[in-house]
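Subject: Handover of a structure for your files

Dear colleague,

Please find below the structure that I am handing over to you. My notes on it follow directly after it.

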Amino acid sequence: MYNFILGVILVLSVIIVITIMMQPSKQNSAASAFTGGADQLFGKQKARGFEAVMQRSTAILGAIWMILLFVLMFLSSK
């Protein structure tokens, strides 16, 4: 059981890295580097389409990853 969960965690880690890399960039120009993103603070919009799917999938995969790590920690302590 321990080895199976460890294998799932390793595969899930690679999938999380891929989903993070597939997310679209939030910076539109070099001016964002100078303003520190303050212009996006008041003009914040909800993510739609592909961006929303990627954000949601990254959050779900991250939560599953954390739960599996706690299960693995519990199994290794016995």
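In these notes, a contact means that heavy atoms lie within 4.5 Å. By that rule, and leaving aside neighbours within four places in sequence, L61 is in contact with L12, I15, I16 and T19.

Some conventions come first. This is a predicted model, in which local features need pLDDT of at least 70 and side-chain atom pairs count only at pLDDT 80 or more, while totals for chains, interfaces and linings use all residues. Residues are numbered from 1 along each chain as its sequence is written, and side-chain values use heavy atoms, with hydrogens and water left out.

Overall picture

The protein has four helices and zero strands, where helices (H or I, at least four residues) and strands (E, at least two) are DSSP runs numbered from the N terminus. The order of elements from the N terminus is α-α-α-α. Of the 78 residues in the protein, 15% are buried; buried means under 20% relative accessible area, exposed means over 50%, and partly exposed lies in between (1.4 Å probe, protein chains only). The accessible surface comes to about 6300 Å², and carbon and sulfur atoms hold 71% of that area. These areas come from the Shrake-Rupley method with a 1.4 Å probe, and for residues only the protein chains shown count as cover. Among contacts with a separation of 6 or more, 92% are between residues 24 or more positions apart.

Helix α1

Helix α1 covers residues 2-22, which is 21 residues, and reaches 30 Å from its first C-alpha to its last, close to the 30 Å expected at 1.5 Å a residue. The expected span is 1.5 Å times one less than the number of residues in the helix. In α1, the residues I5, I9, L12, I16 and T19 are buried. They lie on the same side of α1 because they cover an arc of only 90 degrees around the axis, the arc being that of the directions from the helix axis to the C-beta atoms. An α-helix has 3.6 residues a turn, so residues three or four places apart point the same way. On the other side of α1, the exposed residues are N3, L10, V11, V17 and M21.

Helix α4 and the packing

Where do the buried residues of α1 pack? They pack against α4, residues 50-76, and the buried residues of α4 in turn pack against α1. Helix α4 has 27 residues, which should span 39 Å at 1.5 Å a residue; the end C-alpha atoms are 38 Å apart, in agreement with that value. The buried residues of α4 are A52, M54, T58, L61, L68 and L72.

T19, in helix α1, counts as buried because its relative accessibility is 10%. Leaving aside neighbours within four places in sequence, T19 is in contact with M54, S57, T58 and L61.

The largest nonpolar core consists of seven residues, namely I5, I9, L12, I16, L61, L68 and L72. α1 and α4 are the elements that give two or more residues to this core, and α1 gives the most, with four residues. A nonpolar core here is a set of buried Ala, Val, Leu, Ile, Met, Phe, Trp, Tyr and Cys residues joined through side-chain atoms within 4.5 Å.

L6 and L69 are 63 residues apart in sequence, and their C-alpha atoms are 8.5 Å apart in space. S76, in helix α4, is partly exposed, with a relative accessible area of 47%. S76 and Y2 are 74 residues apart in sequence and 7.6 Å apart in space, C-alpha to C-alpha.

P24 sits in the loop between α1 and α2 (31-35) and counts as partly exposed, at 36% relative accessibility. Not counting residues up to four places away in sequence, P24 touches F50 and E51.

Annotation from the record

An unreviewed UniProt entry lists residues 57-75 as "transmembrane region". UniProt positions are given in the numbering used here, feature names are shortened, and annotations may be inferred rather than shown by experiment. In the model, the span 57-75 is 100% helix and 0% strand, and its end C-alpha atoms lie 27 Å apart.

With kind regards
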